[in-house]
Structure formats: C-alpha cells, structure tokens
Amino acid sequence: MKASFAAASVALSASLAIASPTLEARASGTSSGSLPTVTVKGNAFFAGNDRFYIRGVDYQPGGSSDAKDPLADEAGCQRDIKYFKQLGINTIRVYTVDNSVNHDTCMNALAEAGIYVALDVNTPLYSIRRDKPAISYNAVYLQSLFATVDAFANYTNTLLFFSGNEVINDGNTTDCAPYIKAVTRDLKQYRNNRGYRAIPIGYSAADVSSNRYETAQYMNCGTDDQRSDFFAFNDYSWCDPSSFTISGWDQKVQTYSNYSLPLFLSEYGCNKNTRKFEEVSALYNQEMTGVYSGGLVYEYSEEDSGYGLVTISGSSVTPNDDFTYLQNALANNTAPSGDGGYHSDGTPSTCPPSSDTWNTGNFQGEDLPAMPSDAKKYMTSGAGTGPGLSGPGSQDAGTDNVATASAGSGSATRTASGSASTGSGASSSATHSGAASRVNMGEVSFAPLIMTGLVALSTLLGATLL
C-alpha cells in the first residue's frame, strides 16, 4: 500500500457481545447471486472444473484519508459496477469493511455482474502493529476478524480473505511473521469450526525483495492448520516500457516454480511512466500461468497518488487514460484455455532459516503464538456482533506474555453443520452434506515472549491502507 494509518493507542473497556452458543449460527449476509464458488486445487484456483484467474482492481474509494466501507455504500457500488464491467474484470479487492452492517445489496449486485470480492479482514483500529505484534494479537482483535468472516462467508462471490497486508515491510519487521501466520491459522480454524465453505485465507506481502521469498516459504511451511491457502504479493517492478525478462518477472516465475500454493499479485501497475499495462500480456500467458493466478491492478479510483484508473466526484465517474489502457490490455489478453499448466501436486515449503533479513524472534521454525485463551470461546459460540469501523480498537488489549502453540492446535475442534476442510489448499463446494470431524485441541505450552528494547513512537501500523 502507498500509505499507513498512524497508531491509535486505545484502552478497551467495553465488553463484547457474544452470539448464542450454537454451531448452527451462520453468516449474516446471504447471496442471491449464482456465481460458482472458487476453490483451491494444487497451486491454482478453480471455479468448478475451470481454472480461475484473478483479473481485477484494488477498490477503496476515499483511500487512507477517509477509510470507509465501499461495500456498504450502495449508491457508490452501483455507480462503479458499470465501470468494472467496462474494464472486463472479475475481481475487486476491498481493504476496509464494516463488519457491523449488512452488505447484501452490493455483494449481490457484484455477483450479478460476475465479480468476486477479495477481502482484507483487518481495519485501522483492529490490526497487528509492527511495533508491538504480541500486544496487538489478542481476543478483542480476533473477535473483530471472526465477525468479518461471519459477515461475508455466505456470499458465493466472496473469493478469499487476506489475513494481513504488508505487515512485514523491511528486514527489521520479520518478527511479526509468527503473528501473521497465527492469525491465518485462527481464521482457518474459525471458518472450519463454524461449518463455512473453505474460503481461501492467506497473506498479502509488501513489495520487498529482501525477504519476499522467505515470507512465501514461511506461510507455506509447518502443519496443514498453520499453512496458508494462498500467497500474494505486491509487485511494481514492471514499469512500461518493459518486458518479461527486463522486468525480472521471468526470474520470479523460476523462483516460485515449485511453490505449492496459488500465487498472485495483490497489487501491480508501476506508474513511473505511461501505464499501458504491457505486463498483462505476460501475466495471462502460459509463460506465467503455471505459477501465477493473475493479479489486481492498483487502483480503481484516483486518491492523489497517480494510480487511479478513474476520477470520482460524487456520483460522477471520469475514466482516465489508464482505464482505457487496462481495458484494452485485458480485452487483448484473455486467459489461456485448459488448466494453464498448473501443478496438481506439490509439497509444503521448508521454514526458512534465520538470516540478516529474516528473523522470527522467539518463535523459531514451526513454532507459533497460541490463540489467546479468551478467544477460544468464539470457536463454539461464534463471534457475535462486530465492532465495525467506530469500535474502540484492539491494539493495546493484549500482553507481551504469549504462549507457544503445539503443532496441530489450529485444527477444527467441533462438529459443525457443514463440511469444511482443515487442510491447506483443499476444495469445497457451496453446499455441505457432511460434518467436519472432531479433533482434540492440542496441549498448549506456555513460554512467555519477552519483548526487548524500546520501539520508536513513529512505528507505523502493521495493517496499512491505501
């Protein structure tokens, strides 16, 4: 992302509303659209039996200065769908949503237009902070994330959930990696325990070459409950005029050739020169589709950063030159037929060793922070009402003393009304007929995590927005 929100140190005293303890409680939103749900097979996405490529844009009108939920703005949503269809996209990424409101109107309108939603579950006040990941990983935080899953799990066009965005942004913030991975594990466990379909959950990494590959390896190592369902990263290295080799994209394809999870670009579109989106011709060509599953162009609306495809003024939308260039690039570069050369089999990665640019702190190898004990109740009772965008926040609600989880502790622990996969990369249908097997929660060994050193007050929030 291009900017970050300043830290908000808010002490939380309000108690959270908890839903009635029943596994029959389902998501608050319902879908009337008929889009097929997208699943993971090997290192690719599939809609039914057809390979699915993300062909989309990042969508957050207002940007970081006015963080609102665009999916709750019914008029704005209807206004912009017209232009989504003109672009010929099938996906939008939304960075901020209000988990306390209903999204039926916009989500169903998007489904009718053939558009899926890739959704960030963090918000400015409910996110992991780079400067204090231990304290910001707590039950108050997870309740908000789980409530967001509840709000969107039943829409068939909910494509995936991002468990974090650009939390690691240099070589000095890799100690946040275990907390990002723990959040991914917790979201997967909540999804499975609540009987939702296996909506893919993974991380969106920053455009940082020094540890991007280590981050990808880390999110794909360990037990199935720990591993992500996909990995995405932001990439602005192709600046027109360029090519597959000049940009270095050929080397990245080689680097990730044996990666066993779906891989895609969560942001792309360098704007140093005129953006003609020449990279689209490579991204949806078989030279890349055996490894990549498409990407999302940054960004739909102009937010004073020079990346906007359109300029919005009230109810009026004016396409910029970039809009026409992208429209033509997508029209002239359809996805390849068949399976695109994807790999149906693969093995988890090996956790990366410590180095000058990769250090996971007190949680080495496959060790992860244990889910806060106060959050475990949500697995059986549900998350209840979400705090929305005006809640008191969660970033100071935890403690430096964090337990270490035992392997497999993130597996489903309850028998739910619908089947859900506990493994990474498993596929699921929209209709469930079976029941998730009951697995005992692993024992938790407590090893306090002692945070050392003072953190500069200027450290930015881990969850960044536009």
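**Exercise 1. How many bridges join β5 to β6, and which way do the strands run?**

Step 1. Four bridges link β5 to β6, and the two run parallel. Strands pair if DSSP finds at least two bridges between them. Helices (H or I, at least four residues) and strands (E, at least two) are DSSP runs, numbered from the N terminus.

Step 2. The model is predicted: local features need pLDDT of at least 70, side-chain atom pairs count only at pLDDT 80 or more, and totals for chains, interfaces and linings use all residues. Residues are numbered from 1 along each chain as its sequence is written, and side-chain values use heavy atoms, with hydrogens and water left out.

Step 3. The term means that, with the strands pointing away from the viewer, the path from the first strand over the helix to the second runs clockwise.

**Exercise 2. Which residues of β6 point one way, and which the other way?**

Step 1. Recall the rule: in a regular strand the side chains alternate between the two faces of the sheet.

Step 2. Y116, A118 and D120 point one way from β6. V117 and L119 point the other way.

Step 3. Check burial. Five of the five residues of β6 are buried, so the strand is largely enclosed by the rest of the structure. Buried means under 20% relative accessible area, exposed over 50%, partly exposed in between (1.4 Å probe, protein chains only).

**Exercise 3. Which residues of α2 are buried, and what covers them?**

Step 1. In α2 (residues 104-112), the buried residues are C106, M107, N108, A109, L110 and A111.

Step 2. Their cover includes α1, β5 (91-94), β6, α4 and β7.

Step 3. Look just past the helix. G114 follows α2 and has a positive phi, near 80 degrees.

**Exercise 4. Which strands pair with β7, and is β7 mostly covered or uncovered?**

Step 1. Strand β6 (residues 116-120) joins β7 by four bridges, and the two run parallel. L119 has F161 as its bridge partner in β7. D120 stands opposite F162.

Step 2. Strand β8 (residues 201-205) also pairs with β7 in the parallel sense, over four bridges. Here G164 stands opposite Y203, and N165 stands opposite S204.

Step 3. β7, helix α5 (residues 177-193) and β8 make a right-handed β-α-β unit.

Step 4. β7 (residues 158-165) is mostly covered, with eight of its eight residues buried.

Step 5. Place the strand in its sheet. A closed barrel of eight strands runs β4-β5-β6-β7-β8-β9-β10-β11, with parallel pairing. Its neighbouring strands are turned by 25 degrees against each other on average, direction ignored.

**Exercise 5. At what angle do α1 and α10 pack, and which residues meet?**

Step 1. Helix α1 (residues 74-87) and helix α10 (residues 321-332) pack at about 50 degrees, with their axes 8 Å apart. That makes α1 oblique to α10. Angles under 35 degrees count as roughly parallel, over 145 as roughly antiparallel, 65 to 115 as roughly perpendicular and the rest as oblique.

Step 2. From α1, Y83, Q86 and L87 meet F323, L326, Q327 and L330 in α10.

Step 3. Sort these residues: five are nonpolar, two polar and none charged. Ala, Val, Leu, Ile, Met, Phe, Trp, Tyr, Cys and Pro count as nonpolar, Asp, Glu, Lys and Arg as charged, and the others, Gly among them, as polar.

**Exercise 6. Which strands stand at the edges of the open sheet?**

Step 1. The open sheet has three strands in the order β1-β2-β3, with antiparallel pairing.

Step 2. β1 (38-41) and β3 (50-52) stand at the edges, each with a single partner strand, so one side of each has no neighbour in the sheet.

Key: Axes fitted to C-alpha atoms, helices over the stretch in contact; angles between N-to-C directions. Contact = heavy atoms within 4.5 Å.
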